[in-house]
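Okay, thanks for having me on the list today.

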Amino acid sequence: MTNSQHQRTGDRAGVVDAVEFARLREDFPILDRTIRDGKPLVYLDSGATSQRPVCVLDAEQEFVTGHYGAVSRSSHQLAEEATDFYEGARSKIAGFVGAGRPEQIAFTKNATEALNLVAYAFSNSAGYGAPADPSSPFALGPGDEVVVTEMEHHANLVPWQELCRRTGATLRWIPLGDDYRLDLSTLDEIVTRSTKVLAFTHQSNVLGTVNPVDLLVAAARRVGALVVLDACQSVPHQGVDLAALDVDFAAFSGHKMLGPTGIGVLYGRYELLAQMPPFLTGGSMIEQVFMDHTTYAAPPQRFEAGTPVVTQAVALGAAVDYLTDVGMPAIARHEAELTGLALQELGRLPGVRLIGPADLTDRGGAVSFDVEGVHAHDVGQILDDAGVEVRVGHHCAWPLHRRYGLAATVRASFALYNTADEVGALVDAVKDSQRFFLGAGTTAAGGRAS
Amino acid sequence: MKLDQLYQEIILDHYRAPHHRGLREPFQAQVHHVNPVCGDEVTLRVRLADASDAGSVVRDVSYDSLGCSISQAATSVMTDLVIGRTLPEAFAVLDEFTEMVTSRGTIEGDEEALGDGVAFAGVAKYPARVKCALLGWMAFKDAASSAVGGTEVVGSNDEGAQR
């Protein structure tokens, strides 16, 4: 390992209790700043994007100021060092998610691009009107079906809608139940011999629901469908072993796991990646180029056209080191404590409806809720005034909100640097929003204005 | 910036008791506008006194909407400001309101021209809320523009004028 950041591994081994987690806040300087009129920042929007520890920036600085050059191209020393940093990061990230070999990890601009990469591989195999090679696992056409779920983030829905539009395949979906979990009662009618792809999220970014990956993978295996997992909300918050989950593809993003923006990760089963046509084409992803045709490099280079996201990968590697040092089981326990507290405290406020499972069973740390009579935007504004930064709106899951008769919700989401006191600040601010808009005997005209 | 500068009492009053709400007939144009960031939506109808005249008086603006206090109140205030005015006058007020709420707080707004609309000056300091304040206004601009030359629609299920 050439990256000296890796030397830190083990520094924090054994960190488990709340006091020690509170101490980790020192690694995140932004948490010391204030919001609006001097309110201490209470950052509860890590589900949208997480804050970065200084060591991630240090790793990036060390790389750029000491070792930067063009990766996988020149033979000079800087190019060698930069390539070692880049490939070293790939190995770390592969190890972090249980990929057997680093070649199973391709870097993209973000998770959305990783999901599009797979969706486009299917339509590229479909041949745009030419007969598809039926032996390709990526062949897709009229009569074939793509299955998603009603809880998907738009990033794991719209690319599949578009794939179906391009290929003539049909989009189907597993519905949501009233219990904020997938309704699997008709799973065998939805996932059938016609199903070529089953794409679903590991953990809902709105509900917090953790889906039964084993059941869904088994359903896909029974009919020979490929499985694509959106792991954006799981990989940052619990130990995830993608090989053990037995999914064919998975996507996650760097900036939700203490890493930088500008990098997403595609994981794939190697034998599938080896058969998969490219998405973006150009330099770096080729084997041989002639004037009239080109042959392509092996994975993962085939899926990394152009200058890759080198600096971001190095920084993400440092973020993975940090998460590993703290320990994913400890992080999962800490976040579960905060989530349990938030569910309990918000759940007993009159007029607050939790949008998601009310207990911690198969549930992660996205806590969404509706405040009766107060629009989510207005709740968010009052929270912001108290320094509490949450997400308001449909959280890129509009069909999910429509399913539950909602236009928008408020979402608090946790990361390892949050504390129980911050949950208290959230609950107090929600009460403030009720007092502001509903208090003193007035009745607000919330909801539909007719 | 204090919160009560954003949520001025005038805004909360309009939110709690919106003016001119409900969908009415007849009308020459109906539009449906959405704020894709938050999912807020408004269906809005415009009735002109004389749809053949680009200088016509706005006879009525009616709407059905779903949204936050800022968007609901801004739409209510907008109806007060444009009903009874000619289209050129209404568009001038629209321009002035837009200029104020997109000014990042550098333009206070002229109470003479904007009436209760000046209460939204504080919104300009919260850039994420500007689209909320403009949702109803943009729907009006769209509907009023297509009402000119349009035919009068009566019959609630007539989608003829819907865009």
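This is a predicted model: local features need pLDDT of at least 70, side-chain atom pairs count only at pLDDT 80 or more; totals for chains, interfaces and linings use all residues.

Let's begin with charge on chain B: its side chains split into 14 positive and 24 negative. The centres of those two sets sit 5 Å apart.

Now the fold. Chain B carries six helices and three strands, and if you walk along the sequence you read α-α-β-β-β-α-α-α-α. Its radius of gyration comes out at 15 Å, close to the 15 Å from the globule rule for 163 residues, so chain B is as compact as a globular protein of that length. Along the principal axes, the C-alpha trace spans about 45 × 30 × 25 Å.

How much of chain B is buried? Buried residues are 53% of the 163.

Okay, over to chain A, for one residue, P236(A). You'll find P236(A) in the loop between β8 (226-230) and α8 (242-245). Is P236(A) buried or exposed? Its relative accessibility is 5%, so P236(A) counts as buried. And what does it touch? Skipping neighbours within four places in sequence, P236(A) contacts A231(A), K256(A), M257(A), L323(A), M328(A) and I331(A). If you want a distance to check on screen, go from P236(A) to L140(A): 96 residues apart in sequence, and 32 Å apart in space, C-alpha to C-alpha.

That's my bit, happy to take questions.

Definitions and conventions. Residues are numbered from 1 along each chain as its sequence is written. Chains are lettered from A and ligands numbered from 1 in the order in which they are written. Side-chain values use heavy atoms; hydrogens and water are left out. Helices (H or I, at least four residues) and strands (E, at least two) are DSSP runs, numbered from the N terminus. The radius of gyration is taken over C-alpha atoms; the globule rule is 2.2 Å times the number of residues to the power 0.38. Buried means under 20% relative accessible area, exposed over 50%, partly exposed in between (1.4 Å probe, protein chains only). Lys and Arg count as positive and Asp and Glu as negative; His and the chain ends are not counted. The place of a charge is taken as NZ of Lys, CZ of Arg, CG of Asp or CD of Glu. Contact means heavy atoms within 4.5 Å.
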